[in-house]
Amino acid sequence: RQLGSVFKPILYALAFEEGMEPCQYFDNDSLVLSEYKDWSPENFDHTYGGKYSLAGALARSMNVPTFSLFLELGFEKLDSLWRGMGFSFPLSNTPSLALGTAEASLEEVAAAYSVFSNGGFKVKSWSIASIIAPDGNIIYINNSDMEHMRVLTKRSCQLISAILQKAVNEGTGTSMRTVYGVTSPFAGKTGTSQNYADAWFAAFNPKLTIVARAGASSPAIHFNSQSYGTGSALALPLVAMTLKKTESHPETARQFIAPFPGLPPELEGALD
């Protein structure tokens with residue numbers, strides 16, 4: 001299904017791979033592409049003007065600076081990273097790609113965000129860890145080796161993790177704190193597809209990646225307003241209520257809750 005802004009961290013990770021800094025600024029001025037029938041990227045809140053740093057634009061999910069970033073990076077490098085992170089749906093080189101018109105499965109999104117949480121390695125997902133008989137004998141155990149193929153540098157993942165922590169604490173995912181009372185350290189990103197057909201929220205820490213998507217089986221069935229149809233309204237509550245229960249039970253908290261390591265000295269001032 002269409003990803004909306006859940007796609008953006010992949011584009012920003014590419015920017016960091018290409019040597020850009022979180023404090024690099026892009027304009028937030030209105031743009032019109034005459035060669036694409038006067039198509040124009042719009043911010044969710046319909047505001048324009050000023051400049052946004054890469055960190056600020058991602059944390060607040062701004063569309064216009066994100067589109068400018070896409071123009072600077074180019075399609076080919078983005079397409080290469082997309083495939084390297086394990087996505088199967090082919091990308092189309094259209095301007096709206098930067099805003100999240102790409103499609104993917106729930107499992108693929110979770111695997112991709114796991115790259116951010118584990119420091120840059122692509123992982124192979126599997127469902128069954130083991131099967132234990134009533135008498136305690138293990139009759140099956142999954143011995144699948146994790147694929148340890150690096151697709152992003154540790155530096156890029158540290159920056160994405162730090163920025164998406166800001167998204168939860170100060171940006172589009174703040175209701176996880178203010179409404180649902182999740183206090184544990186998490187990074188997160190909301191996503192809303194065209195016409196509010198798909199609502200997404202992805203959250204992660206060093207031990208856990210959790211992604212929710214809300215929507216009907218057909219994009220033709222959707223909400224008509226941002227009050228009901230956004231990622232923060234539909235998908236974030238599913239993740240937040242799950243995490244609230246997770247952190248409230250000592251056993252699951254030990255297993256799934258972990259703090260993010262501090263940024264290394266050379267990156268400490270990167271988000272100031």
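**Salt bridges, a sheet and a hairpin**

Author: Happy to! Asp-198 counts as buried, because its relative accessibility is 2%, under the 20% limit for that label. Keep in mind that this is a predicted model.

Reader: Which side chain does Asp-198 meet in a salt bridge?

Author: That would be Arg-1, with 3.3 Å from N to O. The pair links distant parts of the chain, 197 residues apart: Asp-198 sits in the loop between strand 7 and strand 8, and Arg-1 in the segment before helix 1. Arg-1 is partly exposed, with a relative accessible area of 24%.

Reader: Nice. How many salt bridges does the count come to?

Author: The count comes to 8. Another one joins Arg-155 and Glu-21, whose closest N and O atoms are 3.0 Å apart. This pair also links distant parts of the chain, with Arg-155 in helix 6 and Glu-21 in the loop between helix 1 and strand 1, 134 residues apart.

Reader: And where do Arg-83 and Asp-79 lie?

Author: Both are in helix 4, 4 residues apart, which is about one turn of the helix. Asp-79 counts as buried, given its relative accessibility of 16%.

Reader: Switching topic: in what order do the strands of the open sheet come?

Author: The order is 7-8-9, with antiparallel pairing. Strand 7 and strand 9 stand at the edges with a single partner strand each, so one side of each has no neighbour in the sheet. On average, neighbouring strands are turned by 10° against each other, direction ignored.

Reader: Which helix packs on the sheet?

Author: Helix 6, which touches strand 7 and strand 8; its direction makes about 70° with that of strand 7. Within the sheet, strand 8 and strand 9 pair over 7 bridges, and Thr-209 in strand 9 is the bridge partner of Phe-204.

Reader: One more spot: is Ile-139 buried or exposed?

Author: Exposed, because its relative accessible area is 60%, and the label needs over 50%.

Methods:
Residues numbered from 1 in each chain as written. Predicted model: local features only at pLDDT ≥ 70, side-chain atom pairs only at ≥ 80, totals over all residues. Heavy atoms only, no water. Pairing = 2+ DSSP bridges. Helix = DSSP H or I, 4+ residues; strand = E, 2+ residues; numbered from the N terminus. Axes fitted to C-alpha atoms, helices over the stretch in contact; angles between N-to-C directions. Contact = heavy atoms within 4.5 Å. Buried < 20%, exposed > 50% of the residue type's maximum accessible area, 1.4 Å probe, protein only. Salt bridge = Lys/Arg side-chain N within 4 Å of Asp/Glu carboxyl O.
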